[in-house]
Amino acid sequence: MTFAELVAGSVHDAAPALIGWTILLDAVGGRIVEVEAYDADDPASHSFRGPTSRNAVMFGEPGRLYVYRSYGIHWCANVVCGPAGHGSAVLLRALEPTHGLDRMRARRGTDDDRLLCSGPGRLTQALGLTGAHDGADLAVPPFELVAPDRVLPVERTTRIGITRAADHDWRYVERGTSWSSRGRRAA
């Protein structure tokens, strides 16, 4: 399946299918090991109340980045999914860092590779993703996407750090990975 085909469908199909894809920005990045799905009918989603200037990208073409500032501190990056106008996206929560580790270490200020991309704020800082990337097309440079060579086992759990719809098991993690943002959570 191509990236375009993957993100054109339901966010609930796209989220687990993104596990194992490699995402690079200017040759810096890694393999996706943890994501969360957010859909238009989800009270925890930025799109729940409809389009605004802040979330407009979520209602645009699939395969774009929706980047926003969380609590005024960290950037968070999401892959827009589904048909244009729907308002769904997959939050990138963690990567296994594989490319450009020296640049990631410098950006993050740590030599502990485990802390480079384990969490949405760490991930964006390590890759150099900012609000300037909001709306960027992931299928064209400076981005590069590489499909996994095999389907990876995925666990489904509840999402992290939300209060609305916290019981939805829309977090997807590569089974057995040591690179996720948090340990196993009950579904």
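**Chatting through a predicted chain**

Student: Hi! How many helices and strands are there in the chain?
Tutor: The chain has 4 helices and 8 strands. Here helices (H or I, at least four residues) and strands (E, at least two) are DSSP runs, numbered from the N terminus.

Student: And what pattern do they follow along the sequence?
Tutor: Reading along the sequence gives α-α-β-β-β-β-β-α-α-β-β-β.

Student: Ok, what is the mean pLDDT of the chain?
Tutor: The mean is 87, and 88% of the residues reach 70 or more. pLDDT is the predictor's confidence in each residue, from 0 to 100.

Student: Where is confidence lowest and where is it highest?
Tutor: Confidence is lowest in strand E7 (residues 154–157), with a mean of 86, and highest in strand E1 (residues 22–25), at 98. Where pLDDT is low, the predicted coordinates should not be read in detail.

Student: New topic. What share of the residues count as buried?
Tutor: Of the 187 residues in the chain, 49% count as buried. Buried means under 20% relative accessible area, exposed over 50%, and partly exposed in between (1.4 Å probe, protein chains only).

Student: Let's zoom in on E1. Is Thr22 buried or exposed?
Tutor: Thr22, which lies in strand E1, is buried because its relative accessible area is 12%.

Student: What is Thr22 in contact with?
Tutor: Leaving aside neighbours within four places in sequence, Thr22 is in contact with Gly30, Arg31, Thr98, His99, Glu144, Leu145 and Val146. Contact means heavy atoms within 4.5 Å.

Student: Glu144 is on that list. Which strand is Glu144 in?
Tutor: Glu144 lies in strand E6 (residues 143–146). Glu144 counts as partly exposed because its relative accessibility is 44%. Not counting residues up to four places away in sequence, Glu144 touches Thr22, Ile23 and Leu24. Glu144 and Asp26 are 118 residues apart in sequence, with 8.0 Å from C-alpha to C-alpha.

Student: What about Leu65, is it buried or exposed?
Tutor: Leu65 is found in strand E3 (residues 65–70), and counts as buried because its relative accessibility is 0%. Val80 is 15 residues from Leu65 along the chain, and their C-alpha atoms are separated by 6.1 Å.

Student: Why is helix H4 largely enclosed by the rest of the structure?
Tutor: Because 6 of the 8 residues of H4 (residues 120–127) are buried. They are Pro120, Gly121, Leu123, Thr124, Ala126 and Leu127.

Student: What do those buried residues pack against?
Tutor: They pack against E1, strand E2 (28–38), strand E4 (74–81), strand E5 (88–99) and helix H3 (101–108).

Student: And what comes just after H4?
Tutor: Just after H4 comes Gly128, with a positive phi of about 80°.

Conventions. Residues numbered from 1 in each chain as written. Predicted model: local features only at pLDDT ≥ 70, side-chain atom pairs only at ≥ 80, totals over all residues. Heavy atoms only, no water.
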